[in-house]
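Dear colleague,

Please find below the structure I promised to hand over. My notes on what was found in it follow directly after.

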Amino acid sequence: MLEFLNFLRGPELDTLSVIVRLALAVFCGGIIGIERERKRRPAGFRTHILICLGACMATLTSQFIALELQLYTDMARLGAQVIAGIGFIGAGTIIITKRRQVKGLTTAAGLWTAAVVGLCAGAGFYEGVVVTTVVVIIAELIFSKIEYFVFAHARAFNMYVEYTEGGNLGKIVDTIKKKGGFIMDLEITKSAAETKNPCAVFSVQTPRKISHQELMSIISHLDGIVLVEEL
């Protein structure tokens with residue numbers, strides 16, 4: 001596969017080989033990051049490019065030290081540090097919202113994958129770079145739609161309900177049960193908003209005859225309900 005690029009995989013690092021590997025890292029990092037940028041995620045187009053480029057440069061530096069300077073070194077060591085170090089950047093994109101919702105996991109995984117793609121580019125593993133980038137794009141554009149479809153039709157879901165002090169939590173519980181729902185878990189806390197209204201997070205399992213939106217619509221019309229959202 002891609003045998004025509006074999007002249008760029010040689011043990012010697014010539015200028016053309018370095019330029020091709022760095023350019024490929026920039027291109028593939030940008031392709032992976034552009035979808036995150038389109039969705040306004042914290043780590044977007046430029047971040048993925050820089051991570052992929054930096055990982056590529058780490059591999060090239062290891063090869064340069066071993067092959068050109070003839071110094072004894074483990075060429076995989078810098079790459080291993082990149083794999084471990086990217087976790088700090090990925091962790092910065094993961095947040096827990098005031099409603100205890102975890103966000104940013106896909107972005108963190110994308111950053112980690114971009115780093116691995118950069119390592120592959122630096123090592124001259126062009127097949128791995130191309131195939132991985134294509135699969136990542138498919139996962140972000142196509143698999144995400146499948147995930148949303150499955151999520152929307154799942155019987156179990158989490159529902160955030162904010163209500164006034166005078167609101168009766170028992171009415172919410174009774175309504176869910178009357179509609180055939182089963183409450184698997186319930187967490188009650190205070191809203192982070194200025195109103196400091198009480199709020200509850202329900203883990204609900206619904207019957208197939210009623211959708212998530214229908215149940216939330218019914219609850220939102222109860223007296224004392226301020227906000228109803230699906231988590």
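**What was found**

Of the 231 residues in the chain, 39% are buried (under 20% relative accessible area with a 1.4 Å probe, protein chains only). Please bear in mind that this is a predicted model, in which local features need pLDDT of at least 70 and side-chain atom pairs count only at pLDDT 80 or more, while totals for chains, interfaces and linings use all residues. Residues are numbered from 1 along each chain as its sequence is written, and side-chain values use heavy atoms, with hydrogens and water left out.

The chain holds seven helices and six strands, taken as DSSP runs (H or I, at least four residues, for helices; E, at least two, for strands) and numbered from the N terminus.

Strand β5 (residues 198–205) has seven of its eight residues buried, so the rest of the structure largely encloses it. Strand β3 (residues 156–163) runs antiparallel to β5 and is joined to it by seven bridges, with Phe157 opposite Val204; strands count as paired if DSSP finds at least two bridges between them. Strand β4 (residues 182–190) is likewise antiparallel to β5, through eight bridges, and there Phe182 has Gln205 as its bridge partner.

Helix α2 (residues 45–68) has 24 residues and should span 34 Å at 1.5 Å a residue, which agrees with the 33 Å between its end C-alpha atoms; the expected span is 1.5 Å times one less than the number of residues. Among its buried residues are His48, Ile51, Cys52 and Ala55, and what covers the buried residues of α2 includes α1 (15–38), α3 (77–92) and α4 (105–123). After α2 comes Gln70, with a positive phi near 55°.

Best regards

Note on methods:
Buried < 20%, exposed > 50% of the residue type's maximum accessible area, 1.4 Å probe, protein only. Contact = heavy atoms within 4.5 Å.
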